[in-house]
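Colleague: I should like to go through this model with you. Could we begin with how the terms are used and then turn to the helices?

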Amino acid sequence: MSAARNAYLPVPNPTTPYWRTDLHPLDSYRSTKDLPASSDVVIIGAGISGVSVAYHLSQEDDDNPSTTTTPPSILLLEARQVCSGATGRNGGHVKVKTSTLLKLLSKGQPDVVDSFVALVGAQIHAFKDVVEREGLDCEFELRRSYDVFANEKDAAALRESWTKYAACGGEWLRDRQLIDADFAERVTSFKGARVAFSSPACSLWPYKFVTQLLARTLERNPGLNLQTETPVVEVEYVAQGSDGSPETIIHTPRGSVRAKKVVFATNAYTAGLLPQYEGVITPYKGTASHLAPSPTKGPVFPHLSYTYNLEFGLNDRETVDYLNPRPDGGIVVGGGKWLFEKDREAWYGNIDDSTTFKAIADAKYFEGYMQRNFRGWEDSGTEVDKIWTGIMGTTPDEFPHGGEVPGRKNQWVIAGFNGGGMTMSFLLGKGISQMVRHNLPFEEIDHVVPRFFKTTQARLAK
């Protein structure tokens, strides 16, 4: 028997993001007054990863459609409220940056690029499918996205890289386009654009997606028990449980639960319960904002219909923001990292999302953002509505960890998304559910999930 005391509990009073201003009845909810004594499956974390696992476990078995099986009993534990972590604090769009793909190609990893592009494309289609099938009202949109570069030095390097790797072909090129300086500013509306890359994307209201999908899952599976405001403070791994199989004892301030199987959908907080992930999945803090249309002038028309990553190219550092125009004319903007990154303690290894960054406030960074950066917005009157922070999880190889915890039976992890959880987590969650349901190895889950996402002892050792 081994135990781990949680050293990374979410703070109880986080900043309020725009996405969490219209709360769902399940936001703070307990299916039963008390915790059950035991459960077939315990899922720790009620963000998009944990809810994806619960949703797919509660679906009919895709591998055996002719067989009617009762879903397992599932206990879904959340330290704060539903979708109050990274999922409820992100940019709300799904894409993969072209510069990310070019970087991987420069490392001689074309297979990784093709797998990654296939996953993101499948994730976009999976979101569309579940939104339509389950009738979710979450402002889902199929869109295009622009990666825009304002520095000519960056633009020249990217043109050269694009030309080199585009000549080799590949699936990654199918839905991507380079827009050069002649038209980059006109097409994107971003002032001073020197080059832009167009790619497929989608956007949605993450909180509404997660909470409404969870509501559908609770309706479908009476064996699903949601317990919010129930932090896990310690887990005990029992190699040989009461039936001879491994089990885990989950300790919370409200009591303990015996679980046959456990899924750690804990992202940045994973090492608090699984110490072997210390230094492998490290928390880091970022910031975002919501910019509202002028109360007197209203939204700007024509509406910006794309999402963006904006690379300013300042001081030869990565100075990139993300931007997601909303259907009501508001804008979600995140980034500004270069303003606070020298104060490493303020963001790296930091799990306190109850405070914002002083450097962002002092610079008034998000004030006048659209007026400064976008043509046609100079007199828009767009103003800051909210600024918040959130905690992400970074990994040394920049890929998430999914699968059975090395050296542990009946424990799985889905975490470490490097700020890109919306592009990977939903389908990785489906894959984890296949492992949990059928005791499958990672290599036998849905083929669209990249095999290099598998958590291994070798990756932990690095």
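Modeller: A residue is called buried when its relative accessible area is under 20%. Please keep in mind that this is a predicted model.

Colleague: Which residues of helix H2 are buried?

Modeller: In helix H2, residues 98-106, the buried residues are Thr-98, Leu-101, Leu-102, Leu-104 and Leu-105. Seen down the axis of H2, these buried residues fall within an arc of 160 degrees, so they line one face of the helix.

Colleague: Why would residues three or four places apart point the same way?

Modeller: An α-helix has 3.6 residues a turn, so residues at that spacing point the same way.

Colleague: What do the buried residues of H2 pack against?

Modeller: They pack against H3, strand S5 (141-149), helix H4 (152-166) and strand S7 (195-203). Just after H2, Gly-108 has a positive phi of about 75 degrees.

Colleague: And H3, what span should its 25 residues have?

Modeller: At 1.5 Å a residue, helix H3 (residues 110-134) should span 36 Å, and its end C-alpha atoms are 36 Å apart, which agrees. Gly-135 follows H3, and its phi is positive, near 65 degrees.

Colleague: Let us step back to the whole protein. How many helices and strands are there?

Modeller: The protein has 10 helices and 18 strands. Its C-alpha atoms fill a box of roughly 70 × 50 × 45 Å along the principal axes.

Colleague: What radius of gyration would a compact globule with 462 residues have?

Modeller: It would be near 23 Å; the protein has 22 Å, which agrees. Buried residues make up 57% of the 462 residues. Among contacts with a separation of 6 or more, 76% are between residues 24 or more positions apart.

Colleague: What about the accessible surface of the protein?

Modeller: The accessible surface comes to about 19000 Å², and 50% of that belongs to carbon and sulfur atoms.

Colleague: Changing topic, how many aromatic pairs are there?

Modeller: Counting rings of Phe, Tyr and Trp whose centres lie within 6.5 Å, there are 25 aromatic pairs. In one of them, the ring centres of Tyr-308 and Phe-374 are 5.3 Å apart and the planes are at 75 degrees, so the pair is edge-to-face.

Colleague: Where do Tyr-308 and Phe-374 sit in the chain?

Modeller: Tyr-308 is in strand S13 (residues 307-311), whereas Phe-374 is in the loop between helix H8 (369-373) and strand S16 (383-394). The pair links distant parts of the chain, 66 residues apart. Both Tyr-308 and Phe-374 are buried. Ring pairs also link them into a cluster whose members include Tyr-146, Phe-190, Trp-338 and Tyr-365.

Colleague: Is Arg-326 buried or exposed?

Modeller: Arg-326 is buried, with a relative accessible area of 0%. Its place is in the loop between strand S14 (320-325) and strand S15 (331-334).

Conventions
Residues are numbered from 1 along each chain as its sequence is written. This is a predicted model: local features need pLDDT of at least 70, side-chain atom pairs count only at pLDDT 80 or more; totals for chains, interfaces and linings use all residues. Side-chain values use heavy atoms; hydrogens and water are left out. Helices (H or I, at least four residues) and strands (E, at least two) are DSSP runs, numbered from the N terminus. The expected span of a helix is 1.5 Å times one less than its number of residues. Buried means under 20% relative accessible area, exposed over 50%, partly exposed in between (1.4 Å probe, protein chains only). The arc is that of the directions from the helix axis to the C-beta atoms. Contact means heavy atoms within 4.5 Å. The radius of gyration is taken over C-alpha atoms; the globule rule is 2.2 Å times the number of residues to the power 0.38. Accessible areas come from the Shrake-Rupley method with a 1.4 Å probe; for residues, only the protein chains shown count as cover. Rings of Phe, Tyr and Trp (its six-membered ring) pair if their centres lie within 6.5 Å; planes under 30 degrees apart count as stacked, over 60 as edge-to-face and the rest as tilted.
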